[in-house]
Amino acid sequence: MSLIGTIIGLLIGTYGEQIYKINVDGATFEILGCDTISVENASYLAFSDNGAFLFALSESGEGSKLTSFRMVGGCPKVSELAEGVAPDPCFLLWHKGCLLTADYTGGSVSVYPVTPDGVIQPARQVVKFHCSGPNKERQPYSHIHMLKIYGDRLYASDLGGDRIHVLAIGGEGSGFTLDHISDIRTAPGTGPRHFDISADGR
């Protein structure tokens with residue numbers, strides 16, 4: 001596949017006051033232009049499955065929030081949700097018309113429905129975990145760090161609890177629910193952050 005003449009759009013979240021929106025030449029990787037989208041501490045970004053909306057979390061303690069933008073023109077803001085957002089969401093996952101967050105300080109997984117026009121709704125479900133590890137400074141309680149869906153299961157790494165939680169995804173469409181069914185344990189003190197699943201699911 002040739003990238004000659006192709007312009008690649010790159011979005012970069014930051015612990016700062018903006019998301020960087022960069023255009024890159026697909027052949028030379030030269031930066032052709034840079035713009036910004038104003039949002040605080042956007043440490044993780046996600047897109048709707050049709051690419052129409054960009055979602056950003058603001059990892060800002062008790063002041064954390066979720067923001068949606070329309071992917072046209074200058075990426076205008078569509079909605080912002082602050083009330084009821086668990087402290088320090090650090091990972092976003094789009095699934096069947098909803099945003100799922102891994103809540104680092106909150107120690108939870110939250111499900112936020114999103115309307116067809118990109119408006120983020122209050123959390124419909126929050127699954128809270130109560131775990132700890134041997135490192136008393138870093139593992140006094142659950143720190144959910146990453147989410148991944150494989151089949152009808154959601155996997156959530158818990159840095160504070162030395163495990164990956166396994167949740168069953170039940171129900172149809174955007175009305176799905178999560179049910180914590182088991183854990184995959186890791187060695188004490190290892191604090192799992194990121195993980196992946198092989199293509200064959202083994």
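**Cores, a hairpin and salt bridges in a predicted model**

The largest nonpolar core of this predicted model contains 22 residues, and those with the most contacts inside it are Leu100, Val109, Leu147, Leu154 and Leu178. A nonpolar core is here a set of buried Ala, Val, Leu, Ile, Met, Phe, Trp, Tyr and Cys residues joined through side-chain atoms within 4.5 Å. Buried stands for under 20% relative accessible area, exposed for over 50%, and partly exposed for what lies in between (1.4 Å probe, protein chains only). At least two residues of this core come from each of strands E8 (89-95), E9 (98-103), E10 (108-113), E12 (144-150), E13 (153-158) and E14 (163-170). Strands (E, at least two residues) and helices (H or I, at least four) are DSSP runs, numbered from the N terminus. E14 gives the largest share of the core, four residues. Apart from this core lies another, of 13 residues, including Ala46, Leu57, Val85 and Val114. In general, nonpolar side chains tend to be buried together in soluble globular proteins.

Leaving aside neighbours within four places in sequence, Leu178 is in contact (heavy atoms within 4.5 Å) with Leu100, Val109, Val111, Gln125, Val127, Leu154, Leu167, Ala168 and Ile169.

A few words on the basis of these values are in order. Residues are numbered from 1 along each chain as its sequence is written, and side-chain values use heavy atoms, with hydrogens and water left out. Because the model is predicted, local features need pLDDT of at least 70 and side-chain atom pairs count only at pLDDT 80 or more, while totals for chains, interfaces and linings use all residues.

Ala46 stands opposite Phe55 in E5. Strands E4 (residues 44-47) and E5 (residues 53-58) pair in the antiparallel sense over four bridges; pairing requires that DSSP finds at least two bridges between two strands. Five residues lie between the strands of this hairpin, and Gly51 takes a positive phi near 75 degrees there.

Salt bridges come next, each being a side-chain nitrogen of Lys or Arg within 4 Å of a carboxyl oxygen of Asp or Glu. By this rule there are five salt bridges. One of them joins Lys65 and Glu80, whose closest N and O atoms are 3.3 Å apart. Lys65 belongs to strand E6 (residues 65-70) and Glu80 to strand E7 (residues 77-81), so this pair ties together parts that are 15 residues apart in sequence. Lys65 is buried, at 17% relative accessibility, whereas Glu80 is partly exposed, at 42%.

Lys148 and Asp196 also meet through their side chains in a salt bridge (3.3 Å, N to O). Because Lys148 lies in strand E12 and Asp196 in the segment after strand E15 (177-185), the pair ties together parts 48 residues apart in sequence. Lys148 is partly exposed, with a relative accessible area of 25%, and Asp196 is exposed, with 62%.

A further salt bridge links the side chains of Asp183 and Arg163 (3.4 Å, N to O). Asp183 sits in strand E15 and Arg163 in strand E14, so parts 20 residues apart in sequence are tied together. Asp183 counts as partly exposed, at 28% relative accessibility, while Arg163 counts as buried, at 12%. Salt bridges with shared partners also join Lys65, Lys77 and Glu80 into one network.
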